[in-house]
Amino acid sequence: MDGQGWPRLRVDDWQETRDTLHMWTQIVGKIRLAHAPLVNHWWQVTLYVSPRGLTTSAIPYGSGAFDIEFDFVDHLLLVRTSDGGAREIRLEPMPVSEFYARTMRALDDLGVPTRIQGHPNEVDPAIPFAEDDRHASYDAGAAHLFWRQLLQVARVMGEFRSRFAGKVSPVHFFWGAMDLACTRFSGRDAPEHPGGAPNCGDWVMVEGYSRELSSCGFWPGGGEEGAFYAYAYPEPQGFADRPVGPSGAFYSRENGQFLLPYEAVRKAPDPGRALLEFLQDTYEAAADLGQWDRQALEDDPARWSHKTRRYAREEHSR
């Protein structure tokens, strides 16, 4: 890990753990999906970066709630209910089938019986969870480093998100593709998405892409140490040819999006500034070429700082 906290994690060094963890997060995400009411673009199914890992946040159940958290510090899966119940599952090498059985049993024990679709989405082949003995790796050190990557990325993406006053998603983790994402919307409808994701109904993508958008994120693949991405839907004419920074960013016609290797950010003199440059430049490419009403949609997150500084001084003087 460098002095600025952006850890180095080669995809090749943890691919088996990454693929196992991907299946584990799908199971937990589907549990949230089974209980949470639909929010536009499937925002109710995602996970969030927490101070210790990835969490569902509170999931409604009856008159109470429960949550599930991957703790990548102590390497536990924590299942907790609002009536004080709790179960722990140690994160260690085990087949997906065993993780699935233990997790569903923990929910049963806590009085939260749950049924989910029993196979993963957006992957091929989609091995049923109860039968998946292929994915069974867990490198605790790699999982911890991945979470540290997500902490840094979520912090910078959160700053980027704060500049937008229009409709914008949380910074959240989509377990389908295993990426941390944030999406801005112009306010206009989008053409119906054609779908095409493996083992995922086209109607899922129709809901996800029902409004014109500019999306960005981080995926632990697509480069030596993962990659940042940015795309627009629908993609405006000239988007692919728009110059964006920092050095190392490029448009992938194969993927239909801009990409920036994680290592290019990690090695930059100021990684946060480098990532913000990529996020801002790619958003402006989508917004300018798509003729978004930027004046109405953007704002300065420091617009009340003169007030908050004054209150802070008053409190300090007491």
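Which residues of α3 are buried? Select the helix and take a look: Ala142, Ala143, Phe146, Trp147, Gln149, Leu150, Gln152, Val153, Ala154, Val156, Met157 and Phe160 are the buried ones. Buried here means under 20% relative accessible area, with exposed over 50% and partly exposed in between (1.4 Å probe, protein chains only).

Before going on, note that this is a predicted model, where local features need pLDDT of at least 70 and side-chain atom pairs count only at pLDDT 80 or more, while totals for chains, interfaces and linings use all residues. Residues are numbered from 1 along each chain as its sequence is written, and side-chain values use heavy atoms, with hydrogens and water left out.

**Stay on α3**

Helices (H or I, at least four residues) and strands (E, at least two) are DSSP runs, numbered from the N terminus. Now pick Asp139, which caps the N-terminal end of α3 with a side-chain oxygen 3.0 Å from the backbone nitrogen of Gly141.

**Next, the cavity**

Select Phe160, Cys182, Arg184, Ser214, Ser215, Cys216, Leu279, Thr282 and Tyr283, which line the largest cavity. Its volume is about 50 Å³. A cavity is a set of points on a 1 Å grid over the protein atoms alone where a 1.4 Å probe fits but cannot get out, and lining residues have an atom within 4 Å of a point. Strands β8 (179-189) and β9 (211-219) and helix α6 (271-289) each supply at least two residues of the lining.

Show Glu212 and Arg188, a salt bridge with its closest N and O atoms 2.7 Å apart. The term covers a side-chain nitrogen of Lys or Arg within 4 Å of a carboxyl oxygen of Asp or Glu. Glu212 counts as buried at 10% relative accessibility, while Arg188 is partly exposed at 35%. Arg211 and Asp189 also meet in a salt bridge, at 3.5 Å from N to O.

**Last stop: Arg10**

Arg10 forms a salt bridge with Glu224, the closest N and O atoms being 3.2 Å apart. Arg10 sits in the segment before α1 (11-35) and Glu224 in the loop between β9 and β10 (227-233), 214 residues apart.

Notes: Polar contact = N/O pair within 3.5 Å; in protein donor to acceptor, adjacent residues only side chain to side chain. 1 Å grid on protein atoms, 1.4 Å probe; cavity = no way out; pocket = protein on both sides within 12 Å on 5 of 7 lines; lining within 4 Å. Points joined across faces, edges and corners; volume = space filled by probe spheres on them.
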